[in-house]
Amino acid sequence: MKFFIDTANLEQIREAHKLGVLDGVTTNPSLMARENIRGQEACNRHYVEICRIVGGDVSAEVIATDFEGMLREGEALAALDPHIVVKVPCTADGIRAITRFTEMGIRTNCTLVFSVGQALLAAKAGATYVSPFVGRLDDISEDGVELVAHIVRIYRTYGFRTRVLAASIRHTRHIVQCMDAGADVVTCPLAAILGLLKHPLTESGLKQFLADHARVNQA
Ligand code: G3P
């Protein structure tokens with residue numbers, strides 16, 4: 001089971017990395033836009049810096065929507081750093097591109113996945129990761145966690161090697177639910193990761209330990 005952080009913000013990545021539990025990073029064009037990174041060269045430098053900080057898999061998404069453009073952009077992204085995983089949307093051109101990347105030995109993350117059918121095609125194409133978007137399904141009253149569980153069941157039945165990367169995580173409970181569902185990876189906002197730490201009984205217990213220590217050790 002691996003923890004990825006879903007952000008392009010270097011400070012948040014550094015903070016999560018300091019915890020010692022961070023295994024990777026996922027980005028997408030919206031997350032990159034939030035960092036005001038303009039131009040491909042600046043994006044490339046940003047991806048390389050993320051790889052340097054985390055030392056784990058970093059998903060960098062293609063912008064092109066056509067097969068040839070995806071191949072061109074994906075090859076350039078993969079050449080930036082060995083940790084780069086090329087993120088490709090689950091479309092006909094995207095599945096075709098993932099199939100070609102698999103043949104080329106380039107690792108991929110099939111993203112914007114909202115159904116078992118899409119996840120099946122991603123696995124058949126040889127995607128390294130598949131990203132079902134849990135939160136966005138919940139946002140429209142569907143069951144994102146059940147999609148993760150269904151994908152996990154089918155992948156296990158047929159022995160697919162594609163790893164299930166639960167994405168669009170909204171909160172700490174999503175993390176636990178997706179782990180229960182058997183996801184290989186969850187990619188989360190920093191707040192959700194830090195939320196795993198919080199429990200009032202830990203805080204009150206530590207406070208009592210310190211008070212008892214102070215009581216018998218006061219100068
Ligand atoms: O980066 C992929 C996914 O985690 C984004 O989800 O719904 O928070 O935009 P969302």
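Before going on, please note that the model is predicted, so local features need pLDDT of at least 70 and side-chain atom pairs count only at pLDDT 80 or more, while totals for chains, interfaces and linings use all residues. Residues are numbered from 1 along each chain as its sequence is written, and side-chain values use heavy atoms, with hydrogens and water left out.

Two further side chains reach ligand oxygen with an N or O atom: Asn 28 at 2.8 Å and Lys 87 at 3.3 Å. The ligand's surroundings consist of Asp 6, Asn 28, Lys 87, Phe 133, Arg 136, Ala 167, Ser 168 and Arg 170, where being near takes a heavy atom within 4 Å. By class, this shell has four charged, two polar and two nonpolar residues; Asp, Glu, Lys and Arg count as charged, Ala, Val, Leu, Ile, Met, Phe, Trp, Tyr, Cys and Pro as nonpolar, and the others, Gly among them, as polar.

The ligand takes up the space of the largest pocket, a term for an open set of points on a 1 Å grid over the protein atoms alone, with protein on both sides within 12 Å along at least five of seven lines. To sit there, a molecule needs more than half of its atoms within 2 Å of the grid points. The volume is about 350 Å³, counted as the space filled by probe spheres set on the points. Of the 22 lining residues, Asp 6, Asn 28, Leu 31, Arg 34 and Arg 170 lie nearest the centre; lining means having an atom within 4 Å of a point. Helix H2 (29-34) gives the most to this lining, three residues, and strand E8 (185-188) supplies at least two. Helices need at least four residues and strands at least two, as DSSP runs.

Now to the second largest pocket, of about 240 Å³. Its lining has 15 residues, with Gln 40, Cys 43, Tyr 47, Glu 61 and Ile 63 closest to the centre. H2 contributes here too, along with helix H3 (40-54) and helix H4 (67-78), and H3 gives the most, with four residues. Eleven of the lining residues are nonpolar, two polar and two charged, whereas the lining of the largest pocket has seven nonpolar, nine polar and six charged.

Conventions
Polar contact = N/O pair within 3.5 Å; in protein donor to acceptor, adjacent residues only side chain to side chain. 1 Å grid on protein atoms, 1.4 Å probe; cavity = no way out; pocket = protein on both sides within 12 Å on 5 of 7 lines; lining within 4 Å.
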